[in-house]
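Q: I'm new to this one. Can you walk me through it?

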Amino acid sequence: MSAVLPANLTALQLHVAFWDVNNDSIITPQEIYHGFRALGFSILFSIGGLLIPLFFSYPTTLAHSWFPDPFFRIYTDSIHKAKHGSDTGIYDSDGHLRHLLFDEMFAKMDTSAMVEEDGSFCNGTTTEKKGSLGIGDLFRLHKRNRVAADPAGWSFAAMEWWTAWLLLQRDGRVWKEDLRAVYDGTLFWRIRDEREKSTEGWTQGYGYRDWAGMLWRNGTWKTWEGGGDKQL
């Protein structure tokens with residue numbers, strides 16, 4: 001179950017609240033590492049997650065001091081200052097969730113109506129959209145959102161979408177309501193609870209065990225199959 005959080009938090013603050021373990025409005029590098037581990041990510045990936053405070057600590061610190069935080073802590077009350085360029089714009093400048101823009105993103109980028117069940121392409125009129133984004137859709141979305149002279153924003157956006165796909169994919173696609181729950185932060189608590197209380201754990205996502213197993217069984221990592229709890 002999620003922690004008791006203040007009622008006036010923005011969606012962006014709720015998005016990162018899972019990592020604020022002691023609910024003190026400060027996220028430490030240690031909390032980031034343990035948060036990723038609680039979601040099922042591997043030790044190596046969770047160590048890589050420490051790039052987050054390296055790049056985003058100072059923007060949030062600026063609300064409190066001109067000097068960088070020596071411990072690379074992230075201040076959640078000013079997390080909106082860590083918004084980067086080339087993103088989706090789903091969060092506004094204050095960190096609120098733009099629900100209409102979120103729905104519009106899926107309406108424009110979801111190409112599932114163009115693919116039949118056997119994977120062959122149709123004319124896009126014989127099937128309904130599934131409300132999900134495949135890897136190709138995510139690549140197109142990332143390309144669409146890139147703005148000029150923003151290699152940092154391009155990189156951050158790519159890492160965020162890759163992480164989302166590793167955590168959320170089911171049948172090779174990221175589903176709309178799962179992604180909405182990522183934006184408002186509620187999914188992280190649910191994943192942790194499922195991993196703690198269920199023998200199967202969180203059954204979505206894609207980890208190195210899936211990659212190795214699919215290569216062994218099928219000769220390709222692109223065969224999407226359901227699985228149990230996994231190290232991502």
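Q: How many helices and strands are in the chain?
A: The chain has 10 helices and four strands. Helices (H or I, at least four residues) and strands (E, at least two) are DSSP runs, numbered from the N terminus.

Q: What should I know about the model before going on?
A: This is a predicted model, where local features need pLDDT of at least 70 and side-chain atom pairs pLDDT 80 or more, while totals for chains, interfaces and linings use all residues. Residues are numbered from 1 along each chain as its sequence is written, and side-chain values use heavy atoms, with hydrogens and water left out.

Q: What pattern does the chain follow along the sequence?
A: It reads α-β-α-α-α-β-α-β-α-α-β-α-α-α.

Q: How many aromatic pairs turn up in the whole structure?
A: The search finds 15 aromatic pairs. Rings of Phe, Tyr and Trp (its six-membered ring) pair if their centres lie within 6.5 Å; planes under 30 degrees apart count as stacked, over 60 as edge-to-face and the rest as tilted. One of the pairs is Phe-18 with Trp-189, which is edge-to-face at 5.1 Å centre to centre and 80° between the planes.

Q: Which parts does the pair of Phe-18 and Trp-189 tie together?
A: Phe-18 lies in the loop between α1 (11-17) and β1 (26-27), and Trp-189 in helix α9 (residues 186-197), so the pair links parts that are 171 residues apart in sequence.

Q: Phe-18: buried or exposed?
A: Phe-18 is buried, at 6% relative accessible area. Trp-189 is buried too, at 10%. Buried means under 20% relative accessible area, exposed over 50%, partly exposed in between (1.4 Å probe, protein chains only).

Q: Which residues form the aromatic cluster?
A: Phe-18, Trp-19, Phe-36, Phe-41, Phe-45, Phe-188 and Trp-189 form one cluster.

Q: New topic. How do the axes of α6 and α7 cross?
A: The axes of α6 (residues 135-145) and α7 come within 11 Å and cross at roughly 160°. Axes are lines fitted to C-alpha atoms, for helices over the stretch in contact, and angles run from 0 to 180 degrees between N-to-C directions. The two helices are therefore roughly antiparallel, a label for angles over 145 degrees.

Q: Which residues make the contact?
A: Ile-135, Leu-138, Leu-141 and His-142 of α6 meet Trp-154, Ala-157, Ala-158, Trp-161 and Trp-165 of α7. Contact means heavy atoms within 4.5 Å.

Q: Is Trp-165 buried or exposed?
A: Trp-165 is buried, at 2% relative accessibility.

Methods. Angles under 35 degrees count as roughly parallel, over 145 as roughly antiparallel, 65 to 115 as roughly perpendicular and the rest as oblique.
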